Each structure stands twice: as C-alpha cells, then as structure tokens.
Amino acid sequence: MRINREDIERVAQLAALKVDEDTLATTTEQIGKILEYVSQLSALVDAAGPSDQVSSVWLGTDRPQAPRPDDVAPPDLHRPLEHFAPALRERLFLVPRLAMMEDE
C-alpha cells in the first residue's frame, strides 16, 4: 500500500495533529514502512488459514463492525459539575474533612 502526502495530511487533520512541513516527507516515509510491514503480517495471517472464528471470539461478535465516518468534530468537554463530584453547594465542590485534621 502506497501512502502519499495528502493521506498524511488527512490523517493529521482527523487526529487534530500538527505535522510540520519539515517533517512531512520523513513522516510519510516512516508510515509507509509501517504499512508495508503490516501488509506482510496480514499476508502471513491469511496464509495460516481463516481467522474469522478467532476474530469473532476476540471481538465477541460474528460480524465485523462497520467503520465509522471520518468526521472532524470538537471533543465533547461540557459535563455538569455533578458528574465530577457527588456533593455541591452553591456550585462549589464539598470535600469531606479528613479524620486526622479534626483537631484543627
């Protein structure tokens, strides 16, 4: 499998990574070598016989999962404060006192 500059830029965009122009050629070459190695491993596994039974045991399913769409979306970081702490008063976290500090 051949990988090119546009592929690396697309993956970097999806992963929200910045790839410098200076390192783009080196990164493309290194990822190409990794993909070549993975294809060699895949050929070995295919030569060993069908692996559908093994995959279904590992994944707990008889069917492979459909790939998700390549959508760039900001992370969902908004959660209510109650998600982080069970006790709140006036939107402040209530922290229980430690027994060793009861004398203070």
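An axis here is a line fitted to C-alpha atoms, for helices over the stretch in contact, and angles run from 0 to 180 degrees between N-to-C directions. The model is predicted. In it, helix α1 covers residues 5-14 and helix α2 covers residues 24-48; their axes come within 10 Å and cross at roughly 95°. Angles of 65 to 115 degrees count as roughly perpendicular, so α1 is roughly perpendicular to α2.

Which residues make the contact? On the α1 side they are R5, I8 and E9, and on the α2 side L24, T27, T28 and I31. Sorted by class, the contact of α1 with α2 has three nonpolar, two polar and two charged residues.

R5 and E9 also pair with each other. They form a salt bridge in which the closest N and O atoms are 3.2 Å apart. Because R5 and E9 lie four residues apart in helix α1, about one helical turn separates them. A search of the whole structure finds four salt bridges.

Helix α2 also contains Y37. Together with L41 and L44, Y37 forms a nonpolar patch on the surface, and the accessible area of Y37, L41 and L44 together is about 320 Å².

Notes
Residues are numbered from 1 along each chain as its sequence is written. This is a predicted model: local features need pLDDT of at least 70, side-chain atom pairs count only at pLDDT 80 or more; totals for chains, interfaces and linings use all residues. Side-chain values use heavy atoms; hydrogens and water are left out. Helices (H or I, at least four residues) and strands (E, at least two) are DSSP runs, numbered from the N terminus. Angles under 35 degrees count as roughly parallel, over 145 as roughly antiparallel, 65 to 115 as roughly perpendicular and the rest as oblique. Contact means heavy atoms within 4.5 Å. Ala, Val, Leu, Ile, Met, Phe, Trp, Tyr, Cys and Pro count as nonpolar, Asp, Glu, Lys and Arg as charged, and the others, Gly among them, as polar. Patches are made of residues with over 30% relative accessible area and no salt bridge: like charges are joined within 9 Å, nonpolar side chains (Val, Leu, Ile, Met, Phe, Trp, Tyr) within 5 Å. Accessible areas come from the Shrake-Rupley method with a 1.4 Å probe; for residues, only the protein chains shown count as cover. A salt bridge is a side-chain nitrogen of Lys or Arg within 4 Å of a carboxyl oxygen of Asp or Glu.
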